[in-house]
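The sequence and structure are shown first.

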Amino acid sequence: MSVQRLLHKLRSTQRRSFAAISTNSPPQPVNYVSPYQIFDRNAKRLQKDRAAIRDAGARNRTVDYIREEVAERMMERFMDIKRKFDTVVDLGSGPGHFSKLLETDKVKKSIMIDSSGRLLNRDPDSEFEGKLGFEVERIVGDEENLLTIIDRNSQEAVLSCLSLHWVNDLPGILVQIQEALQPDGLFLAAMFGGETLFELRTSLQLAEIEREGGISPHVSPMTDTRDISNLLGRAGFTLLTVDTDDVKIAYPSMWELMEDLQDMGEANAVIGRRNLIQRDTLSAASAIYKELHGESNSIPATFQIIYMIGWKPAPSQPKPLDRGTGKMNLKDVL
Amino acid sequence: MSAQAATAQRTRPIQRLALHSTVTCSAQATVYGKCILATYTDVKKDICKEEFAAFKDCIQKAMKKR
């Protein structure tokens, strides 16, 4: 009898762990949310900190696969830029998935900035690719207030690999990056956008409608590819390059996907999220995910990555000629 | 007792729910999923109530077993 009671007690004290974090977040004003407040940055920092220390970082390392893949693809784009840098800023670096790949003959020093100190310091300096003579500086700071961390007109390059999707004020951070760069400075970034996790989003929505009669935010709103070039242009970057890439990953079921997202520190942090999902809704969503998107033995999860390159204007850069200055008649050529 | 408690700690309730909703009750899950799939452009609350009830019943029975 007492054994049963103990077991029951044990069971009732165990918490479902897919519930989103709500502790310690500053209370959100009920009637006022500023136009650019979408994400709960404090909750996000806590999620990342916790992800980094769960099982002494082992869980977090296991789910590095997406970030490592994207870091490599971003590195290909970085290597196409024929220029050497003394210092680059790795904004929202995490443990440095991108900085680890940098080589000393191209970059001498990387300044890694992340709001989660535990994630930032997860890996020792010895794991970085250009070990000899490669310098790493780690700064714990809010990515949203870049200009409080580094000076204006001070940087040769600002790079960001899969971090900007948690920034509330994307137009603002792009302006800050542009301000922080020296003339002719480089901005190169990869961020989640568009169709990322649309399968999970639709499954949860359908399950919530059918079970509970309404929907609530579970997957972040993402930036559309078309908006990025407009935003870069608006922030004052020139010579823009924007392209997209899909990374599709197969999971055994929705549950493994959600567990991995949590281990990455990428759990839901939308302001106004519900603090838990009902069991029924979760099982329903799992069944819908499988039926609506699933393949024979697995379910796919799409991650759409937007890569962007922009330069701070400088007189030395090539510019289009003024209108009407053309000397050759196009009719003669065509 | 200690062995039992250890088992309970190793497999968290959420993991057992995951197992039962995908493996143990996959037949009922498919029926429910197909019902949603048939109406997914116009889903309303409780539109697949019976199918879900069967699915839930199966999960609950499986969760009770240790």
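## Cavities

The whole structure, searched throughout, holds 2 cavities of 30 Å³ or more. A cavity is a set of points, on a 1 Å grid over the protein atoms alone, where a 1.4 Å probe fits but cannot get out, and its lining residues have an atom within 4 Å of a point. Points are joined across faces, edges and corners, and a volume is the space filled by probe spheres set on them.

This is a predicted model: local features need pLDDT of at least 70, side-chain atom pairs count only at pLDDT 80 or more, and totals for chains, interfaces and linings use all residues. Residues are numbered from 1 along each chain as its sequence is written, chains are lettered from A and ligands numbered from 1 in the order in which they are written, and side-chain values use heavy atoms, with hydrogens and water left out.

## Volumes and linings

The largest cavity has a volume of about 90 Å³. Among its lining residues are Lys48(A), Asp64(A), Arg67(A), His97(A) and Glu266(A). The lining comprises 4 nonpolar, 3 polar and 5 charged residues (nonpolar: Ala, Val, Leu, Ile, Met, Phe, Trp, Tyr, Cys and Pro; charged: Asp, Glu, Lys and Arg; polar: the others, Gly among them).

The second largest cavity has about 60 Å³ of space. Its lining includes Arg41(A), Lys48(A), Glu143(A) and Trp166(A), and by class it has 1 nonpolar, 2 polar and 5 charged residues.

## Ser203(A)

Ser203(A) counts as buried because its relative accessibility is 0% (buried means under 20% relative accessible area, with a 1.4 Å probe and protein chains only). Beyond its neighbours within four places in sequence, Ser203(A) is in contact (heavy atoms within 4.5 Å) with Ala285(A), Ile288(A), Tyr289(A) and His293(A).

Definitions and conventions:
1 Å grid on protein atoms, 1.4 Å probe; cavity = no way out; pocket = protein on both sides within 12 Å on 5 of 7 lines; lining within 4 Å. Buried < 20%, exposed > 50% of the residue type's maximum accessible area, 1.4 Å probe, protein only.
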